[in-house]
Amino acid sequence: MALIKLSDKDLVEFKSLMQESFQLGYEEVFGKSEELILPEKDIDECLNKKNSHSYVMKNNHEILGGAIVEINEKTQHNHLDFLFVNVSTQNKGIGQKIWSEIESLYPYTEIWQTVTPYFDKRNIHFYVNKLGFHIVEFQ
């Protein structure tokens, strides 16, 4: 298992798996939805930010998950835009492994920030209890 830079050849699958993961999180709370919870344009917007870096966690050729981060080299106040785990490999510590690798890539970070949906208790638990984030605001 290795965290590597997202390549063009993995981009379509990366987006699809991320969308599937976010869709599942929404539907576990609100039930089946025909609406796409994470539109591709939102992913593309993050991927195309000036200081954006995207990574994929792979085991051989299988994508286990990934992340998109925005890095400010000057302030070292960095942002986790997206972190996802492939639906078929969730609850196996992969999300923690992805985050651990991200943190090791950016050891000079002073502050990490992220946003997660208020309704997704599983995500809140993950970020607060597993990764050590602190809740600073509810919207």
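Which residues are buried in helix α4 (residues 121-130)? Keep that in mind while the whole chain is on screen.

**Ground rules.** This is a predicted model, where local features need pLDDT of at least 70, side-chain atom pairs count only at pLDDT 80 or more, and totals for chains, interfaces and linings use all residues. Residues are numbered from 1 along each chain as its sequence is written, and side-chain values use heavy atoms, leaving out hydrogens and water.

**Select the protein chain.** Colour by secondary structure: there are four helices and five strands. Helices (H or I, at least four residues) and strands (E, at least two) are DSSP runs, numbered from the N terminus. Their order is β-α-α-β-β-β-α-β-α. The C-alpha trace spans about 45 × 35 × 30 Å along its principal axes. Of the 139 residues, 41% are buried (under 20% relative accessible area with a 1.4 Å probe, protein chains only; exposed means over 50%, partly exposed in between).

**Select α4, residues 121-130.** Show side chains. I124, F126 and Y127 are the buried ones. They sit on the same side of α4, because they cover an arc of only 160 degrees around the axis (taken from the directions from the helix axis to the C-beta atoms). Turn to the other side of α4: K121 and N129 are exposed there.

Select β4 (77-85), α3 (94-105) and β5 (111-114). The buried residues of α4 pack against these three elements, where contact means heavy atoms within 4.5 Å.

**Step just past α4.** Select G132. Its phi is positive, about 85 degrees.
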